[in-house]
Amino acid sequence: MRETDRAWIGISRENLLHNTEKLQRLSGAGCALMPAVKANAYGHGDILVSRILQDEGIRDYCVASADEGIRLRQAGISGQILILGYTHPDGFAELMHYSLTQTAVDLDYAGRLSAYAGKINCGRNAGSCDTIAVHIGVDTGMHRLGIPYDRPDLIEKVWALPGLRVTGMFSHLCVSDGRTDAAEKYTREQIQRFGVVRDYLHKNGIRGFRCHIQGSYGLLNYPEESVWISLRWM
């Protein structure tokens, strides 16, 4: 900071780690935190915050775009970096190069990711193929992206696409910050819908993927649903 600066942001490592510890306790055993460090960690410094968290054992992060994920990789952030939004096909090569996990925003998009991986692997020897890691977005009621929860058959099809490595499934509780009866009812409906999709996949022999739907507000307002905090193996 210079004396002529009129405004600045001060980041307290102690407070950040204190809050991280509290959230981890609320989430319970068997769950891992997946901090959202998109938009420059909401103005707090994505590289700074991620490095502090990585030093404390955090291994999973969420970003909004491939560019944000690449920025973290180039800064030495390891572990899983999930891109929550859409990546244009021109950026598929960078997903593979930087080992970024892409959200499958719908079945058609998952197919395009699969086709790209197949083209890259064309002519390679069996056993040496590269894959694109994906988490499947499930629309449980936010209606921004994801495969509709009431079409679990389409969600299941993503697992069958060659060249993809499906490691997780997630949704977003869009009104979990509200405490009205209507907000609580809708939040619990979203959680129930997500559970129905999980159960459908388990019934059809698909297991060993990570589930996450909770966020900070959801964890604070619905701690009894901490089974859904990022990330839990299912």
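Pro35 lies in the loop between helix 1 (13-27) and helix 2 (38-43). Helices are DSSP runs of H or I with at least four residues, strands are runs of E with at least two, and both are numbered from the N terminus. This is a predicted model, in which local features need pLDDT of at least 70, side-chain atom pairs count only at pLDDT 80 or more, and totals for chains, interfaces and linings use all residues. Residues are numbered from 1 along each chain as its sequence is written, and side-chain values use heavy atoms, with hydrogens and water left out.

**Pro35**
- Beyond residues up to four places away in sequence, Pro35 touches Leu53, Ile58, Asp60, Tyr61 and Cys62; contact means heavy atoms within 4.5 Å.
- Gly215 is 180 residues from Pro35 in sequence, yet their C-alpha atoms are 9.0 Å apart.

**Ser171**
- Ser171 sits in the loop between strand 6 (164-170) and helix 8 (181-203).
- Ser171 is buried too, with 8% relative accessibility.
- Setting aside neighbours within four places in sequence, Ser171 contacts Val138, Asp139, Thr140, Phe194, His212 and Ile213.

**Helix 4**
- Helix 4 covers residues 66-74, and its buried residues are Ala66, Glu68, Gly69, Ile70, Leu72 and Arg73.
- These buried residues pack against helix 2, helix 3 (46-55), strand 1 (60-63), strand 2 (80-83) and helix 5 (92-97).
- Gly76 follows helix 4 and has a positive phi, near 95 degrees.

Key:
Buried < 20%, exposed > 50% of the residue type's maximum accessible area, 1.4 Å probe, protein only.
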